[in-house]
Amino acid sequence: MNEMLSTLLPLLVVGPLFLGAFSAALRRSQRIRHGISLITLLAMLAASILLVVATADGTVLAHQVGLWEAGVAIPFVVDTLSALMLAFVAVLALASVLFAMATHEARARFYHPFVLILMAGVAGAVMTGDIFNLFVFIEVMLLPSYGLMAMMGAKLGADSARIFVTVNLLASTLLLAGVGLVYATAGTVNLAELQGAAAEDPAIAIAGAVVLTAISIKAAVVPVHGWLTRTYPMTSPAVTALFSGIHTKIAIYAIYRIYAMLFDGDQRFLWVGLTVAAVTMVVGSLGAVGENSTRSILVFHMISHVGYIMIGVGLFTTLGLTAAIFYLLHGMIVKASLFLSTGALEETYGTARLDRLGGMLKREPLVAVIFMVAALSLVGMPPFSGFVAKFSLIGATFEAEQWIIGGVAVIVSLISMVAMLKIWTSVFMGPEPEGLERRALTYQQAIHGKRYLRVEAQAEQPTLQVGPPTTGTAAVISGERHARVTPKLIVPAALLAVVTLGLGLGAEVLMQLAEQAAQGLMDPSDYVKAVIG
Amino acid sequence: MSVALMVGILTAASVYLFMQRGMVRIVLGFVLISHAANLLLFSAGDVAFRGMPFSHVDDPAQRADPLPQAFVLTAIVIAFAISMFMVTLAITTTTDDDTEAAPTAPAKLAAVAHL
């Protein structure tokens, strides 16, 4: 059984890559493209759940691609941590694709191909056991992301694409240089063969530090976080939600993996991780309080979230890693839910600015509830998953006697709550601002106008009515009040909100899996044995 | 040593170019820094071995390490693809390739800024 599963591992990369290319070749079949994309993502989700089940007892599945000798071939390895990452990324991608289909963004010809190739890159980056191949798969992840980011077309969207591309290319080049240095000092780039190498030889440790620095830029930890806060708010909400759970989180996964394997969790360098984590938490949450639109608040909050997850690798105890892995997975879901629920408002009312929204509690009660659930989970209130995540993480810092970092984590939670309350009071409470309706309708017209004019003109009696002809957001230019978030736009955020509630009530299951994953990092001997025998 | 010097010069030049105004200069900086990274990868295979890596005649002790050459070959095409995309971004977004303007607002917001 396990033998067969590990032989099939490359399918997780080949499948989306092939289907992505296939759907790029389809010209006019909108529905087939939607179908291919959803089926592929569902299949990836099913496959990763199967992998979670297969690795839940600590089994490590490994496959030498091309069946070359161990150490010569590129190994694809799946342990509990990688299987969990794959499953959560698949859930997130599904929600974001559903949202993009609701906003009609997914109608763009290359939207689905880009998403599928992005997912192939994610699967490769998570499974690979070779750091040069990690670099290649990170590029496979990034190239379609550049396309998705630039697809927004607007001038501002393209400016942020420039920043995104340049910073990521610089980080990738640094990663490449680091990989070169590791090869020069250690003689291999295979993670299993490199186990503990950096703990023994300072030259390899420096090379490893270059690799970790490069990946930290991709994870947006604090000295190098500005690129993220100036690019993620500038694309569409669907793309921001997709990216929020992928690029930075894969980078954090790589930091975990490399520090656990190459450095063997060396205690001497842990203070660096803890310092970076503390500064990242504080700066991220303070920045969030200072912003003035829903999406830019949430993007800054992503940074403080990265800080929390970094605590795990900074403590490097079983308890700390368990809590941080739980936090990583819970955060992917909650963050995406927040991006999608505020994104639904943004797509309907045409603005994310706090001073231009208001009274949404009365107008859109369902969105308000979903936002409330995710926001409470983010801040760390029971009964949602965020409570379990934060409680165990702060418990782990106290257990490791890192009082300062534990204290910072508690205080930062309060600052996060201020940021969430800021969104709540200005967007959901208070009076409806003047001209909200008019702006929403004009926005609908500006974004969807041309397309729907064409639709209407093909009807038997062409009219000058503008706007989506189907459900809720129907914006009739001469009509009265019709701007409403459509059910289709709410469903993805609602699904993710239900997941966070489920993870909060049934935290035990995920906690055990996270503990298994943490043990795999603390003691990588099973990983090494699976890869090089 | 000559490889190390060259890597240093290329890196210094690229860092200088990154700090310049104008997207095309930044792209040129990236071309230089990927040259630097590729040279570094070559030197990782120890440049003392000068023989052809794939030859049945030569003494294995003389052959260059083929693995870094494969790394470089991969890295070249990746950097080439991204450079092309960056050049496209430089000419498509605004009327010139100036990089000084600092946008601060979400894109959707800007799309309806006139309202």
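A:E200, A:D264, A:D523 and A:D526 gather on the surface in a patch of negative charge. Such patches consist of residues with over 30% relative accessible area and no salt bridge, like charges being joined within 9 Å and nonpolar side chains (Val, Leu, Ile, Met, Phe, Trp, Tyr) within 5 Å. The model is predicted: local features need pLDDT of at least 70 and side-chain atom pairs count only at pLDDT 80 or more, whereas totals for chains, interfaces and linings use all residues. Residues are numbered from 1 along each chain as its sequence is written, chains are lettered from A and ligands numbered from 1 in the order in which they are written, and side-chain values use heavy atoms, with hydrogens and water left out.

**Surface patches**

- A:D526 is partly exposed, at 40% relative accessible area, where buried means under 20%, exposed over 50% and partly exposed in between (1.4 Å probe, protein chains only).
- For charge, Lys and Arg count as positive and Asp and Glu as negative, while His and the chain ends are not counted; the place of a charge is NZ of Lys, CZ of Arg, CG of Asp or CD of Glu.
- A nonpolar surface patch comprises A:M4, A:L8, A:L11, A:V14, A:F18 and A:F22, which together have about 610 Å² of accessible area, by the Shrake-Rupley method with a 1.4 Å probe and, for residues, only the protein chains shown as cover.
- Helix 2 (residues 11-25) of chain A gives the most to this nonpolar patch, with 4 residues; A:F18, which lies in helix 2, is exposed at 56% relative accessibility.

**Salt bridges**

- Over all chains the structure holds 6 salt bridges, each defined by a side-chain nitrogen of Lys or Arg within 4 Å of a carboxyl oxygen of Asp or Glu.
- A:E291 pairs with A:R230 in one salt bridge, with 3.8 Å between the closest N and O atoms. Because A:E291 is in the loop between helix 13 (270-290) and helix 14 (294-315) and A:R230 in the loop between helix 10 and helix 11 of chain A, the pair ties together parts 61 residues apart in sequence.
- A:E291 is buried at 12% relative accessible area, whereas A:R230 is partly exposed at 27%.
- A:E346 and A:R295 form a salt bridge of 2.8 Å, N to O. A:E346 lies in helix 15 (residues 318-349) and A:R295 in helix 14 of chain A, so this pair ties together parts 51 residues apart in sequence. Both A:E346 and A:R295 are buried.
- A:R363 meets A:E432 in a salt bridge of 3.0 Å, N to O. The pair links distant parts of the chain, 69 residues apart, with A:R363 in helix 16 (residues 360-363) and A:E432 in the loop between helix 19 (403-428) and helix 20 (436-458) of chain A.
- A:R363 is buried at 6% relative accessible area, while A:E432 is partly exposed at 42%.

**Buried polar and charged residues**

- A:S236 occupies the loop between helix 10 (226-229) and helix 11 (237-244) of chain A and is buried at 0% relative accessibility.
- The side chains of A:S236 and A:E105 are joined by a polar contact of 2.5 Å; such a contact is a pair of N or O atoms within 3.5 Å, where within protein one must be able to donate a hydrogen and the other to accept it, and residues adjacent in sequence count only if both atoms are side-chain atoms.
- A:K249, in helix 12 (residues 247-261) of chain A, is buried yet has no salt bridge, and the nearest side chain of opposite charge, A:E291, is 17 Å away.
- The side chains of A:K249 and A:T248 make a polar contact of 3.4 Å.

**Chain B**

- Chain B has 4 helices and 0 strands, and 37% of its 115 residues count as buried.

Key. Helix = DSSP H or I, 4+ residues; strand = E, 2+ residues; numbered from the N terminus.
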